[in-house]
Amino acid sequence: MTRHAPPPAYRTLDADGIRAALAAQPALAARLGGPPGAWRVREVSDGNLNNVFLVGGPAGGVCVKQSLPHVRVDPDWKMPLDRTAFEAAYLRAVRPHVGDLTTDILHFDPDLFVLVVESLDRHVVLRHGLMQGGDWPDAARAVGAFVARACFHTSPLALPFERAFDLLEPFARNHTLTRITVDLVLTDPYRVHPRNHWLSPELDPIAAEIRADPAVRRRVGALQARFLTCRQALLHGDLHTGSVMVSTGGTQAGTQAETRIIDGEFALPGPIGFDCGLFVGNLLMHLFARGDADAETRILRDVARFWTTFRTDFTTLWRDAIAAGTAGDAVPAALFGHDPSLLRQAQDDLLRDIESDMVGFAATEIIRRILGYAHVPDFDLAPDRAHRAHRQNAALRLARDLLADPDRTGTTDALLALARRHARAARHTKV
Ligand code: SR1
Ligand code: MG
């Protein structure tokens, strides 16, 4: 049951409140070292929903995230607090499978809705790093590996269905944030709604075209149904480039960058292609926001790397589980384990569905981030309003084409070819 009134012990913490809350936890106080008065507390809230602080002491640091009783960027939009509880539960569910591809959970306070995780103070948000011109050639592979492991191990491909259902069931109650996705991502941009906004009048024609196109509406309806009825695995649920942190070593020659996936508060049971599509959609928006040939090369490389890594890792985990006799109830060894070619076909069928979902959800992510409530800052890279509108228009046209003709565009290869075509056309059109 979603709780709407904050519990009596809840209060929104300022820097001193953060110090007091951490000081009350001996393990956290020891991790920071020294007296609480010596701890530096720096607010780094970046997302739309929560307060986030980095706290540093003489011995080490932690990251503190607290749910607010409203949307952080819109205090009039009231909201229950349970999102950090879902994030804590998501970390507990996936961390054993993904290790250092996410953060270690250090503490969760169910009265204050405070989640404490390790501090990533040597890292930057991937979106910000890309906007500053950085290149993290390993990040897309790491995200692909993360999605493969997190999703495989929480699905009935890896687990007896009883364990998979028990694991997924609590996340099916993440109603508040799932409602945000259903409305903001998958519905609002296709109807007239006061939450929508865009560069008007420049984007009015393409916004109207997308709303009116029956092929787009049909595909979005099918994707909504996939999102709400296809409970393949435990999803991160908001896997955009702002939910990925990369270590700053990555731009130096010869150093291996570290990638961490954070912010699993939107976790829910759903189609695996949703997580894939959000990440890919945000990469593609960065390509269009930047608009140059170099970005095209790097970002399309990253999309291909993401998908190839996801596909390889997911099928390897699955094949190995079948060979070891530890696989779950879906596509069971009893039917496929003794026939490698039949197993390969069954895997190909499922991977094709995930790939097609990925392309569709990438398109819906692009559309909602340009026409809906929550935009991405990448397009601020454009030198002026006319270029911003031009680049957003090109991204929207790609998204519309992806949705309007899913039979021809539902593969990574088709997506890459179409994205390249639209990006080049945009570059060669005078603004
Ligand atoms: C009101 S929340 C808007 C968006 O911010 C989050 O990061 C999710 O992407 C959500 O859709
Ligand atoms: Mg977030």
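The model is predicted, so local features are reported only at pLDDT of at least 70 and side-chain atom pairs only at pLDDT 80 or more, while totals for chains, interfaces and linings use all residues. Residues are numbered from 1 along each chain as its sequence is written, chains are lettered from A and ligands numbered from 1 in the order in which they are written, and side-chain values use heavy atoms, with hydrogens and water left out.

Strands here are DSSP runs of E with at least two residues, helices are runs of H or I with at least four residues, and both are numbered from the N terminus; two strands count as paired if DSSP finds at least two bridges between them.

Strands β4 (residues 70-71) and β5 (residues 74-78) run antiparallel and share two bridges, with valine 71 having aspartate 74 in β5 as its bridge partner.

Next comes an open sheet of three strands, arranged β8-β10-β11 with antiparallel pairing. Because β8 (123-125) and β11 (259-261) stand at the edges with a single partner strand each, one side of each is left without a neighbour in the sheet. Neighbouring strands of this sheet are turned by 30 degrees against each other on average, direction ignored. Three bridges hold the antiparallel pair of β8 and β10 (residues 244-247), and valine 125 stands opposite methionine 245 in β10. Helix α5 (residues 139-153) lies across β10 and β11, running at about 40 degrees to β11. Axes are lines fitted to C-alpha atoms, for helices over the stretch in contact, and angles run from 0 to 180 degrees between N-to-C directions.

Turning to helix packing, α9 (residues 214-229) and α14 (residues 385-404) meet at an angle of about 75 degrees, with their axes 8 Å apart. The two helices α9 and α14 are therefore roughly perpendicular to each other, a term covering angles of 65 to 115 degrees. In contact (heavy atoms within 4.5 Å) are Ala215, Val216, Arg219, Val220 and Leu223 of α9 with Arg400, Leu403 and Ala404 of α14. The residues of this contact divide into six nonpolar, no polar and two charged; Ala, Val, Leu, Ile, Met, Phe, Trp, Tyr, Cys and Pro count as nonpolar, Asp, Glu, Lys and Arg as charged, and the others, Gly among them, as polar.

The residues around ligand 1, with a heavy atom within 4 Å of it, are Asn48, Leu49, Trp77, Ile180, Leu184, Asp238, His240, Phe266, Arg368, Arg369, Tyr373 and Ala374. A polar side-chain atom of asparagine 48 lies 2.7 Å from an oxygen atom of the ligand. For arginine 368 the corresponding distance to a ligand oxygen atom is 2.8 Å, and for arginine 369 it is 3.0 Å.

Finally, two backbone details are worth a look. Most residues other than glycine have a negative phi, and most peptide bonds are trans. The peptide bond from serine 200 to proline 201 is cis, with omega near 10 degrees, and proline 201 sits in the loop between α7 (175-185) and α8 (204-212). Aspartate 263 has a positive phi, near 70 degrees, and is placed in the loop between β11 and β12 (268-270).

Key:
Parallel < 35°, antiparallel > 145°, perpendicular 65-115°, else oblique. Polar contact = N/O pair within 3.5 Å; in protein donor to acceptor, adjacent residues only side chain to side chain.
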